Amino acid sequence: MKFTLSWLKDHLETDASLDDILYALTDLGLEVEGVENPAERLAEFSIGKVVHAEKHPDADKLRVCQVETDAGKTQIICGAPNAREGITVVVAKPGVYVPGIDTTIGVGKIRGIESYGMMCSEREMELSDEHDGIIELPSGEVGDRFVDWLAENDPAKVDTVIEIAITPNRPDALGVRGIARDLAARGLGTLKVRDTDPIEGTFPCPISVSIDEDTLDQAPVFCGRVVRGVKNGPSPAWLQDCLKAIGLRPISTLVDITNFFTYDRNRPLHVFDADKVAGNTLRVHRAAGGETFKALDEKEYTLIQGMTAISDANGVESLAGIMGGEHSGCTDETTNVFIEAAFFDPVRTAYTGRALKIHSDARYRFERGIDPAWTPIGLDHATQAILDLCGGEASEVVIAGAIPDHSRAYRLDTDRVQSLVGMEIPAEEQRETLTALGFELDGDMAHVPSWRPDVLGEADLVEEVARVASLTKLQGKPLPRTTTGVPKAILTPMQKREQIARRTMASLGYNECVTYSFIDRKSAELFGGGDDATMLENPISSDMSHMRPDLLAGLLQAAQRNQARGFSDMALFEVGPAFHGGEPEEQNLQVAGLLVGRTGPKDVHGSSRSVDLFDAKADVEAVLAALGAPAKVQILRDGANWWHLGRHGRICLGPKKMLAVFGEVHPKTLAEMDVKGPAVAFTIWPAEIPMPRNASAARPALHLNDLQAVDRDFAFVVDANVEALTLVNAAAGADKALIENVHVFDEFIGGSLGEGKKSLAITVRLQPTDATLTEKDIEATSAKIVEKVVKATGGSLRG
């Protein structure tokens with residue numbers, strides 16, 4: 001939305017500076033996007049007078065002029081045909097930037113004679129396209145600033161142009177009047193009275209208007225009148241200056257008047273050449289579909305069924321709220337006009353404009369909402385302007401339909417400003433603000449003005465009060481504590497576990513991925529999903545048709561994309577939900593990690609190797625420890641089929657409570673996902689980890705044993721298919737209070753053991769708590785360990 005400062009002051013009586021106005025506009029929510037101030041670029045030009053002029057000795061078209069300036073007499077060489085003695089001119093002295101030629105003036109020689117400046121034309125100063133000669137001023141004193149002369153004699157040329165951004169909820173600010181009203185409410189001036197008396201017609205309107213019954217919802221009211229005997233032609237200079245300043249091309253007085261009111265009052269109008277209206281009737285109706293008409297933009301459009309059209313006896317003459325037709329448009333030969341003022345449904349107007357791809361000022365305003373109550377008043381204003389500028393005689397007004405009743409009122413609760421906005425504004429000031437904005441107050445009820453379709457509740461009243469008072473006055477205040485002492489934790493235990501998991505994974509060198517929750521059916525089936533329960537009804541694309549059953553699917557897809565781009569070694573993780581149904585309770589939080597390729601780049605020391613399941617095991621144990629999982633767990637087999645059959649483990653607290661799973665990804669799964677191995681991974685279910693019994697934030701007391709621990713080594717001969725974990729768990733269960741740790745330190749296969757046998761050596765650490773262990777105590781515990789292991793594995797103590 002563009003307007004000039006002088007245009008604004010036609011509605012606002014103010015002494016505020018330009019900077020104050022610009023600041024207030026942005027603060028009121030009408031953000032200033034640009035300011036064009038011609039006075040700034042012309043500030044250094046001054047007025048001079050040519051006291052002597054003679055022909056240049058070496059050039060026929062150049063004249064050597066002596067010019068009186070504020071710095072004294074100056075020699076300037078000029079090639080303009082009107083350069084002569086006695087004229088008052090505009091001078092650019094050395095160092096002045098001339099915008100029209102994009103040049104900074106300097107001292108130079110022209111055909112051997114020095115020139116100390118320039119006398120300017122209007123085009124060189126970007127005042128107009130005139131360049132037949134230099135500017136000749138009819139008045140002005142030597143040394144005065146040229147901008148001051150313009151401000152007094154031709155103010156339109158130095159009028160500041162302001163451009164503001166209009167949000168969809170403020171259609172009233174699409175008129176200069178609405179902008180002035182906001183500024184007046186802020187206290188930057190007084191809103192001027194710009195009303196006109198109703199115009200009584202002197203003869204019946206020869207053109208009748210009607211609205212079809214099924215079209216009243218799209219065009220509730222349509223009114224107009226004929227003005228006969230007008231004289232159309234170029235509009236007056238002040239009107240042309242207004243339109244040119246905001247980027248519109250003056251066309252003729254009649255058309256320029258309608259364009260003026262579009263921007264001045266947010267009131268789109270249309271003028272028909274009354275002599276071209278066939279049958280002297282205009283009918284507003286729904287298009288049947290297939291009708292064509294040629295619009296004012298000289299393009300032909302085919303209407304779609306349901307669009308709002310305005311037709312005469314021969315066919316469509318205008319597209320309601322969008323654009324008029326070329327056939328009935330006004331020309332210089334027009335002598336009788338029909339002025340239309342109507343209200344059209346915003347939604348229907350928007351649909352029509354989008355379907356036909358027509359962008360017009362009328363559509364822009366109708367689809368956001370204009371003031372329906374101002375429809376007949378706007379007709380009177382336009383009629384008066386036409387009578388003043390074009391002459392003629394006005395008919396009586398004809399009206400079809402009725403002005404829609406958009407009246408509504410809401411209770412003004414002056415205390416809600418404090419609760420909703422956090423500002424303290426006196427009740428009387430709130431009432432004065434709403435009154436200045438056009439609201440009518442009846443007790444505590446505020447009646448919304450017809451030009452504010454955005455105000456739809458009590459909270460909107462509060463917003464208007466706070467907006468005008470300025471939200472910059474809002475001071476930040478800490479929220480009061482609801483309890484005394486140390487506040488409770490903000491994050492839930494599961495949210496805290498998510499945070500810990502992310503930080504731990506990042507500290508282990510993993511990069512976090514955030515993948516889509518949707519994957520394709522084929523990938524979902526690889527991880528136990530892909531059924532109808534997790535299928536989307538309206539997927540974004542065919543490769544996002546199902547909810548993911550496991551995070552590994554997305555991580556493997558990310559790994560495949562990285563490998564395709566030359567990144568073969570990677571460590572990726574993700575924290576998020578996996579789904580086994582469409583209901584909220586049919587999802588679970590997972591922490592998944594994926595290692596692909598080698599542990600590091602190749603080097604001369606050979607420390608780089610392919611990742612293996614023990615890398616995944618070490619990382620999953622580190623994350624579980626950070627999440628507070630018990631240290632003593634069981635590692636079982638029988639994982640899902642996307643894990644390598646003999647190279648994975650389920651970390652459990654008993655056979656039915658699984659905390660995590662780790663291991664190599666099955667080669668078939670890697671092949672289906674087009675991932676080059678080796679690849680190891682793990683998945684953790686944080687919700688399965690038991691919550692600590694003591695929820696206190698305080699740390700427990702440090703417990704140190706002052707008794708000597710004892711390590712004992714054992715070697716057992718067992719069948720080759722016996723798992724080391726079975727042996728370790730059996731040894732640890734011999735005396736849970738005394739045995740602190742058991743770990744395998746050696747494995748031997750072959751030799752004298754025979755076929756199908758192996759030797760596993762373990763170290764058992766005994767940590768007494770009451771008294772130092774004697775040899776007898778150690779021997780008794782060792783016997784229990786041997787007994788437990790032999791019973792669990794069927795092996796024997798190696799001799």
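A salt bridge here is a side-chain nitrogen of Lys or Arg within 4 Å of a carboxyl oxygen of Asp or Glu. Keep that cut-off in mind. The model on screen is predicted.

Let me start with one pair. E36 and K2 form a salt bridge, with their closest N and O atoms 3.8 Å apart. That value lies within 4 Å, so the pair counts. The two partners come from distant parts of the chain, 34 residues apart. E36 sits in strand β3, residues 32-36, and K2 sits in strand β1, residues 2-4. How accessible is E36? E36 is partly exposed, at 44% relative accessibility. K2 is partly exposed too, with a relative accessible area of 24%.

How many salt bridges does a search of the whole structure find? It finds 40. In general, side chains of opposite charge can pair when their charged atoms come close.

Two more pairs. D148 meets R145 through their side chains, at 3.2 Å from N to O. D148 is partly exposed at 42% relative accessibility, and R145 is partly exposed at 40%. Next, R609 bridges to D612, and here the closest N and O atoms are 3.5 Å apart. R609 counts as partly exposed at 37%. D612 is partly exposed as well, with a relative accessible area of 26%.

There is also a network. Salt bridges link R170, D172, D182, R452, D454, E464 and R467.

Now the nonpolar side. In soluble globular proteins, nonpolar side chains tend to be buried together. The largest nonpolar core in this model has 69 residues. Which of them touch the most other members? They are F3, L8, L25, I164, I179, L183 and I386.

Take I386. Leave aside its neighbours within four places in sequence. I386 then contacts V227, V230, L254, I257, V271, I339 and G391.

On to the pockets. The largest pocket has a volume of about 1,500 Å³. Its lining has 39 residues. Nearest the centre of that pocket lie K617, E621, I635, L725 and V728. Which elements give two or more residues to this lining? Two helices do, α17 (613-627) and α19 (724-732). So do the strands β35 (634-636), β36 (643-652), β40 (739-749) and β41 (757-766). By class, the lining of the largest pocket has 21 nonpolar, eight polar and ten charged residues.

The second largest pocket has a volume of about 900 Å³. Its lining has 34 residues, and V255, N259, L296, M323 and G324 lie nearest the centre. At least two lining residues come from each of α7 (253-264), β17 (270-273), β22 (316-319), β23 (323-324) and α9 (361-366). Which element supplies the largest share of that lining? It is α7, with four residues. The lining of the second largest pocket divides into 16 nonpolar, twelve polar and six charged residues.

The structure holds one cavity of 30 Å³ or more. The largest cavity has about 40 Å³ of space. What lines the largest cavity? T308, A320, F344, D345, R348, T349 and T352 do. Helix α8, residues 346-356, gives the largest share of this lining, three residues. By class, the cavity lining has two nonpolar, three polar and two charged residues.

Note on methods: Residues numbered from 1 in each chain as written. Predicted model: local features only at pLDDT ≥ 70, side-chain atom pairs only at ≥ 80, totals over all residues. Heavy atoms only, no water. Core = buried A, V, L, I, M, F, W, Y, C linked by side-chain atoms within 4.5 Å. Buried < 20%, exposed > 50% of the residue type's maximum accessible area, 1.4 Å probe, protein only. Contact = heavy atoms within 4.5 Å. 1 Å grid on protein atoms, 1.4 Å probe; cavity = no way out; pocket = protein on both sides within 12 Å on 5 of 7 lines; lining within 4 Å. Points joined across faces, edges and corners; volume = space filled by probe spheres on them. Nonpolar A, V, L, I, M, F, W, Y, C, P; charged D, E, K, R; others polar.
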